[in-house]
Amino acid sequence: MAVRGMEAASQGVATGNSIWSRAWQNHAPGYLFLLPWFIGFFGLTVGPIITSFYLSFTDFDLLTPAEWVGVDNYVRMFTNDRSFAASMRVTFFFVLFSVPLKLAFALGVAVLLNRGMKGLPLYRALFYLPSLLGASVAIAILWRQIFAADGLVNDVLAIFGIQGPSWISNPNYSLWTLIILSIWQFGSPMIIFLAGLRQIPQDMYEAASLDGASKWRQFVKITLPLLTPVVFFNAIIQTIEAFKSFTPAFIISGGTGAPINSTLFYTLYLYNEAFSFFRMGYASALAWFLLVLIACFTAFSFLTSKYWVHYDD
Amino acid sequence: MTLRFDRRQFLMGSSALAAAIAAGVNPAWAQNALRLIFWGGQARADRTNGVIDLFEGAGNPGVESEFLSWNDYWPKLATQVAGGTAPDVIQMDYRFIVEYATRNAIAPLDDLVGDVLKLDDFDADQLEGGKVDGKLYGISLGANSVAMLVNKTAFEEAGIAVPDMSWTYETLKEIGEGFKAANIRGGMRGMSDGSGSEPMLDNWIRQRGKPLYTPEGKLGPSVEDMVEWFTMWNEMRDAGYITDAETTALDTGAPEVSMVALNKAAMIPSNSNQLVIHQSINPDVLTINSYPRIAPGVGGGHYRKPSMFFSVAGSSADKAAAAAFINFCITDPEAGKVLGVERGIPCSAAVRDAIAPTLDEQSQIALNFVANLGDLLGPLPSSPPNAAGEIDTSLLRVLSQEVAFGGRSAQDAGEFFVFEAEAILDRAAS
Amino acid sequence: MTTDAQGLTVVTGAESDPARRRRKRFLGIGAHVLLIAASIVMLYPLLWLLSASLKPQDQIFTSGIWPTLDWSIDSYFRGWNGLRTSFSVFFMNSFVIAALSVVGNLIACSMAAYAFARLRFKGRNFWFAMMLMTLMLPGQVTLIPQYVLFRDLGWINTVLPLVVPKFLAVDAFFIFLMVQFFRGIPRELDEAAMMDGCSAWRIFYKIMLPLSMPVLVTVAIFTFIWTWDDFFAPLIYLNRMQDYTVMLGLRTFVDSTGESDYGGLFAMSVLSIVPIFLFFLFFQRLLIEGIATTGMKR
């Protein structure tokens, strides 16, 4: 009956001609379609979010009720916490390098695979396979086998006469093994790029070819512009996820951020504060700071997106 | 479009499924069964379930058990306590018992001693180990002691004699020299780097007459002590007696990445009850020995530590019933046989006698080791303060890595350790 | 115009030039070589996993990548029944949760995305920003309040906390994704339909959804795989072993304080990839279907 109501509402069937009923008719479809989200947002999401905000001003050890401490957590964060600074450095470095590289691989391979070559489904599945391993405990073991001093990478380097360090346990290089792990799992943005490429109507390419445009020109003039909404999406999402990245560092460093905090991702640090050291209040403050950081970045991205993202509406 | 038609059917089917599942909701705690949570692997779960079967078979109420790996256990337990849904019987660790006890997440058991908890032949020091502020909060499930895991096969290969319990840090250096010269297995060292090992530090400082943490919860070692500690390991590392920085950093805590498992060192600091674990993933023959003495004849570093406890949740509805289950686990000889020494050496003398003939080789070695520590045994330390875990993982280990990689001098590390540890202790105490 | 093996239309206007043809074939071979090399790099860790699952326990970490002479599929049997509850139960649980999540996300997120992308209503931008905000907060700190919330609802120890949120469009990721895709569909179609007297609902059902097959398939694939791979939520909300999912079961194989069954872990890890891989293979064919060109003339 909700459907019929929406139909009636948007067809402007006379249910009264007052301002209110007209306003309802105009806005009703939007609200009705959003109804599940509203229920979810107000019922399940907003409560815990507000609670976590409140907790960020308290001392909460999980086992006893929270105690109000005002802005102490935030003050400590900025003035007296070595690990906070370290984890910020590590996280920014990770975001800076893993996101562009991952997107580049994802887009490049997607374009390559979109040609419709022989064996396409197989390749597509193969490239997506690493992403299926996700948070598996096995990944940590695998990565060690590859990047330890006697691992595969050094075996390959030895062929060229280079003696590599123990990548995964050297504080100067350990973060790179995690960056590589993130890039290795580029399957998800690749699939999204593929879906975006698939949505570009073929007849546009046909028309362009008939006009004599080269493949490269077609790519630059047709593909890229029409793909910008998807590029925008992937860039934002991958950046947000990179800032929040937890599982790779958790399983590879055993939750320690070792060696010497070189893999202490911000959310790993937050998690330890909350669950290992019973400082959930402080962890909440850390989380909210991250949210503000990400929100600023996202807002900036949205504001500047009008200059390069090309929607069809 | 055919897909649309299928989708509708699919939608209807799955809504029905969801409704069915929702209708089948049956919260576990609606029944009268006790709930138990513990960490461990399938091996421990098998044993525990065996004991539960015995318990239920003797006419007692049912017990529902849940187990997780160590890493997952603590966040889940903390969540359950925070949400008020903690199970009745909780497996507890020495490291956290103070945190949970002082916050009433686990209940004092003194009232139940005597009628429900029969502890007459229970080892006194193990009983003490479960006390916080004088009250009993956890029943020790077994004692273990720190022990040096030794790869006998590697020693034979290098032609070096396996040390016995009289060995000292000097002997360690000789062994290190020996392995360096022998150069087996791609440069296997005598031992792993122990500078970041809290148990080794504890053992070492106790032999010098100081505890790691005083009964008042303050730091025991002085700056000079810590500088000497880091310097000692620096010398051994520079001389090639122990594993270098990069190699040591491969160890993230799991048995399969220990220096012995990776064939990088012939000895690593460990615990008596972990011989079985390390042996299971290593084709060589392993055994255990004591930690080294600081000089010949000096003892007192070791102590018999409760490996883990069973505690009763503060929120448990029937604490007596929970305690009755715990009592069964630690006093019933049949239960003792099922549990073996997997959680440590049983603390009841009667149970120990009952199970001795049934143990396998590694368990026998562990049992004998703990029983024969002799002058190496010192008094049980007071319970560690709240922040001890943090000092271990985020200070000592990180510092030891910094020193090993050359980022800090031993002098600097010693000073910083004391400074920062005291700051952490202060923060936790407030 | 010719049609290649995929049934796709391939522009071949300038194919008569032999030099061009030769270059095309060379590029084709080059691309293949590149892809094959890249595939090996991508797959190496998985090959290691497979090989480790076939080795006896004490050889896993000491021998190299290739299976040894005494290889066996023992680990698979041991792993399958190794925990008291058989893995078939875990697979069933994982499948149910993942399937329900797919349905929930497809319905709820597409509806929300349609509202944000196409419908005008007061406060749209504000709610859109709120929706995005939910993506930015690390989940670790809402864990406890959410746990308390579900406890008050009596949903602990059931699959409800894992599945019901999907039907309430909690996954802002998919809403955002679909918004971007919907905005890429030309508005003229909507407008034409509206002039024909179609309601928002009909436009949604008859125009937007059919034209969004690639993104819907993407949402289905990702939802299935991510709920399959999730261990944290099941860890917190499921107490009984017979409710555990595959990922949770895998984590109980390895415990740093006790004996671990690595062979079993690797064997079950290999098996756990199979369903999601199959799901992906099956659904990715739908990704191939591009947009039907009827009605799309610009």
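Apart from its neighbours within four places in sequence, Met178(C) contacts Cys109(C), Ser110(C), Ala113(C), Val215(C) and Val219(C), two residues being in contact if their C-beta atoms, placed from the backbone, lie within 7 Å. This is a predicted model, in which local features need pLDDT of at least 70, side-chain atom pairs count only at pLDDT 80 or more, and totals for chains, interfaces and linings use all residues. Residues are numbered from 1 along each chain as its sequence is written, while chains are lettered from A and ligands numbered from 1 in the order in which they are written.

The largest nonpolar core has 303 residues, of which Ala112(C), Ile175(C) and Met178(C) touch the most other members. Such a core is a set of buried Ala, Val, Leu, Ile, Met, Phe, Trp, Tyr and Cys residues joined through C-beta atoms within 7 Å. Helix α3 (residues 87–118) of chain C gives the most to this core, with 19 residues. Helices (H or I, at least four residues) and strands (E, at least two) are DSSP runs, numbered from the N terminus.

## Helix pair α3 and α10 in chain C

The axes of α3(C) and helix α10 (residues 213–229) of chain C come within 8 Å and cross at roughly 145 degrees. Axes are lines fitted to C-alpha atoms, for helices over the stretch in contact, and angles run from 0 to 180 degrees between N-to-C directions.

From α3(C), Ser94(C), Ile97(C), Ala98(C), Ser101(C), Val102(C), Asn105(C), Leu106(C) and Cys109(C) meet Leu216(C), Val219(C), Ala220(C), Thr223(C), Phe224(C), Thr227(C) and Trp228(C) of α10(C). By class, this contact has 10 nonpolar, five polar and no charged residues. Ala, Val, Leu, Ile, Met, Phe, Trp, Tyr, Cys and Pro count as nonpolar, Asp, Glu, Lys and Arg as charged, and the others, Gly among them, as polar.

## Domains of chains C and A

Chain C is divided into domain 1 (16–72) and domain 2 (79–288), with bounds from an automatic or database domain assignment. Their contact takes seven residues from domain 1 of chain C and six residues from domain 2 of chain C. On the domain 1 side, four residues are nonpolar, two polar and one charged.

In chain A the division is into domain 1 (2–71) and domain 2 (73–305). The C-alpha centres of these domains of chain A lie 32 Å apart. Domain 1 of chain A gives 13 residues to the contact and domain 2 of chain A gives 11 residues. On the domain 1 side, α3 (35–55) and β1 (58–59) of chain A are the elements that give two or more residues, and α3(A) gives the most, with three residues. That side has eight nonpolar, three polar and two charged residues.

## Chain B against chain A

In this interface, 26 residues of chain B are in contact with 25 residues of chain A. On the chain B side, α3 (70–83), α4 (97–102), α10 (245–248) and α16 (388–404) each supply at least two residues. The most come from α16(B), with seven residues. By class, the chain B side has 13 nonpolar, eight polar and five charged residues.

## Ser195 of chain B

Ser195(B) lies in the loop between α7 (169–182) and α8 (198–207) of chain B. Ser195(B) counts as buried because 26 other C-beta atoms lie within 10 Å; the class requires 20 or more within that distance, against 12 or fewer for exposed and values in between for partly exposed, with C-beta atoms placed from the backbone.

Leaving aside neighbours within four places in sequence, Ser195(B) is in contact with Trp229(B), Phe230(B), Trp233(B), Ser400(B), Val403(B) and Ala404(B). Ser195(B) and Met232(B) are 37 residues apart in sequence, and their C-alpha atoms are 8.7 Å apart in space.
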